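Me: I'd like to learn how to read strands and charged pairs in a protein model. Can we go through one together?

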Amino acid sequence: QGLVSQFFVEPFFGAGRKFSFSFRAGTGLAWANRPYDSVSNPDNLSYSTRINFTLNLSATLNYSLSERLLLNLSANYNHISNGGMNEPNKGINYPTASIGVDYYLQNTHFPDYPQRDWKTGNTGRNAFFIQAFGSAKQLSGSGELERYPVAGLSGRYSRQVSRLNALSMGLEIMSDGAHREAIIRAGEDTDHIMAGLLIGNEFILGRFLFGQQFGVYVYDPYQKNSILFQRYFLDMKVTSKLITGIGLKAHGHVADFLDFRLGIKI
């Protein structure tokens, strides 16, 4: 059992028509009971804290019943984990389908805007981002409470290919303190720095960017994890140049850590 509270952005397409489509990207907090406990609940390897972070991605078909009622059918993908703050932390990943009704307190009116080619006058189709990120995580499988710092730098090139989408490629370099501790305990004499190349997609949602990337390590001497990893991020444009947000790194279905990001758009 648990409770979820999320902040999300949800642009609508065809708003004001009988049928419309919307896309939602969100993040927030979740309270969950029965976390991992070595004595009372040793089988729960998905989360070990009552307070966890959430990520959500949804696609929704809407049907207008009246000026104030909207029937919707959604396909959702959800992730819950503590972002590597406590172990074990495999995370919970689950797809769902939902049906519901939205009620508006006031009658809604959507003016008809003339259709315009998104490329016309768009001088910002190409963008470069440089971001620093940081977090803290426990050593996987150690059963200890100590957390180790994670810090890194990422750079990516983004090319807008439609009104709502951009394709991206980039490079990420990071120092993982838990990775370094694992090397020391293993008695190895190798570097703990890791670097990876990434490609992915970004949804352009006004001031927000929701990105999904697949990465491959090009430098990871210790090779504790798979050579492949994923990145998910939700960035907000504070100004035309300043970007902040949160990101999640994962190996397959196992969350590695949740980080906080700050950077610039060049």
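Reply: Strands (E, at least two residues) are DSSP runs, numbered from the N terminus. Two of them pair if DSSP finds at least two bridges between them. This is a predicted model, where local features need pLDDT of at least 70, side-chain atom pairs count only at pLDDT 80 or more, and totals for chains, interfaces and linings use all residues. Residues are numbered from 1 along each chain as its sequence is written, and side-chain values use heavy atoms, with hydrogens and water left out.

Me: Okay, which strands make up the closed barrel?

Reply: Follow β7-β8-β9-β10-β11-β12-β13-β14: these 8 strands form the closed barrel, with antiparallel pairing. On average, neighbouring strands of this sheet are turned by 25 degrees against each other, direction ignored. (For angles, axes are lines fitted to C-alpha atoms, and values run from 0 to 180 degrees between N-to-C directions.)

Me: How many bridges link β11 and β12?

Reply: Strand β11 (residues 208-219) pairs with strand β12 (residues 228-237) over 9 bridges, in the antiparallel sense. As an example of who faces whom, Leu209 stands opposite Asp235 in β12.

Me: Now the charged pairs. What's the general idea?

Reply: Side chains of opposite charge can pair when their charged atoms come close. We call it a salt bridge when a side-chain nitrogen of Lys or Arg is within 4 Å of a carboxyl oxygen of Asp or Glu. The structure holds 10 of them.

Me: Which residue does Arg231 meet in a salt bridge?

Reply: Glu172, at 3.0 Å, N to O. Arg231 sits in strand β12 and Glu172 in strand β9 (residues 165-176), so the pair ties together parts that are 59 residues apart in sequence.

Me: Is Arg231 buried or exposed?

Reply: Buried means under 20% relative accessible area, exposed over 50%, and partly exposed in between (1.4 Å probe, protein chains only). Arg231 has 1%, so it's buried, and Glu172 is buried too, with 5%.

Me: Which partner does Asp235 have?

Reply: Asp235 forms a salt bridge with Arg261 (3.4 Å, N to O). Asp235 is in β12 and Arg261 in strand β14 (residues 254-265), so this pair ties together parts 26 residues apart in sequence. Asp235 counts as buried at 1% relative accessibility, and Arg261 does at 6%.

Me: What joins Lys249 to other residues?

Reply: Lys249 and Asp256 meet in a salt bridge at 4.0 Å, N to O. Salt bridges that share partners join Lys137, Asp176, Lys249 and Asp256 into one network.

Terms used:
Helices (H or I, at least four residues) and strands (E, at least two) are DSSP runs, numbered from the N terminus.
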